[in-house]
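Biologist: I would like to learn how to read a few features of a model with you, beginning with a helix and ending with confidence.

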Amino acid sequence: MADPNRLLIGEFMIPLELYPHLPSTATIQDALTALGHQPCKDGTPYFRHLLVLKEDGGLEGILSIHTLLKAIEPSLLKREARGAAQGYWGRADSGENVAMQVFWERLLADRLETRLDLASRTAGDLAEPVRKVLSRDDMLAHGLEEMVACGAFVLPVVKDDKVVGALRLADIFDLVVKHVLGEVHERGA
């Protein structure tokens with residue numbers, strides 16, 4: 001196994017051509033399609049974030065499945081505003097989950113209206129600003145430190161102000177687990 005202390009971000013990142021990305025002018029419908037069923041390099045069912053790029057290849061922001069779900073159904077924001085402790089959605093076993101029932105009914109009934117609305121909005125409209133970017137020449141340990149410090153699950157990797165890939169926390173976690181478990185098994189524990 002390669003020594004994680006010597007890995008560069010550029011050796012470990014997912015190259016841009018393999019990571020879901022869209023121009024900022026793409027529709028939200030395009031973003032849903034891009035994240036819907038695209039397999040990851042590590043076999044997980046699909047990516048949970050996509051990079052939104054400017055025309056010149058620079059970074060506009062990131063779209064997450066969380067943001068896209070809120071775009072589909074703005075009432076999901078109400079729970080955040082009221083606080084989960086107040087139980088806006090209700091518990092499944094209490095019969096109080098009226099808001100969630102309305103969400104599904106509306107989603108199914110208003111599918112055409114929802115699709116038209118999503119087709120008129122762009123990925124750039126919803127892209128979340130990126131807290132940090134990483135350089136492909138930085139050490140992987142630095143990338144991990146930055147991701148943990150800013151609470152990011154994915155960070156773009158840039159070279160000469162152009163996005164060249166993405167680094168995912170899940171991939172680093174997998175490497176850490178393999179390294180730690182490998183050491184445990186080598187010691188005979």
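Biologist: Which are the buried residues of helix α3?

Modeller: In this predicted model, helix α3, which spans residues 65-72, has T67, L68, A71 and I72 as its buried residues. Seen down the axis of α3, these fall within an arc of 140°, so they line one face of the helix. The general idea is that an α-helix has 3.6 residues a turn, so residues three or four places apart point the same way.

Biologist: Is S24 buried or exposed, and where is its place?

Modeller: A residue counts as buried under 20% relative accessible area, and S24 is therefore buried, at 17% relative accessibility. S24 sits in the loop between β2 (21-23) and α2 (28-36), and, leaving aside neighbours within four places in sequence, S24 is in contact with V52, L53, K54, E60, T122, A123 and G124.

Biologist: Which residues lie nearest the centre of the second largest pocket?

Modeller: Of the 13 residues that line this pocket, I62, E128, R131, A152 and V154 lie nearest its centre, and the elements giving two or more residues to the lining are β4 (59-64) and β6 (154-159). The lining of the second largest pocket divides into 8 nonpolar, 3 polar and 2 charged residues, and the space in this pocket is about 240 Å³.

Biologist: Where does pLDDT stay under 50?

Modeller: It stays under 50 over residues 81-89, for which the model has 15 contacts beyond four places in sequence. The chain as a whole averages a pLDDT of 78, with 64% of the residues scoring at least 70.

Note on methods:
Residues are numbered from 1 along each chain as its sequence is written. This is a predicted model: local features need pLDDT of at least 70, side-chain atom pairs count only at pLDDT 80 or more; totals for chains, interfaces and linings use all residues. Side-chain values use heavy atoms; hydrogens and water are left out. Buried means under 20% relative accessible area, exposed over 50%, partly exposed in between (1.4 Å probe, protein chains only). Helices (H or I, at least four residues) and strands (E, at least two) are DSSP runs, numbered from the N terminus. The arc is that of the directions from the helix axis to the C-beta atoms. pLDDT is the predictor's confidence in each residue, from 0 to 100. Contact means heavy atoms within 4.5 Å. On a 1 Å grid over the protein atoms alone, a cavity is a set of points where a 1.4 Å probe fits but cannot get out, and a pocket is an open set with protein on both sides within 12 Å along at least five of seven lines; lining residues have an atom within 4 Å of a point. Grid points are joined across faces, edges and corners, and a volume is the space filled by probe spheres set on the points. Ala, Val, Leu, Ile, Met, Phe, Trp, Tyr, Cys and Pro count as nonpolar, Asp, Glu, Lys and Arg as charged, and the others, Gly among them, as polar.
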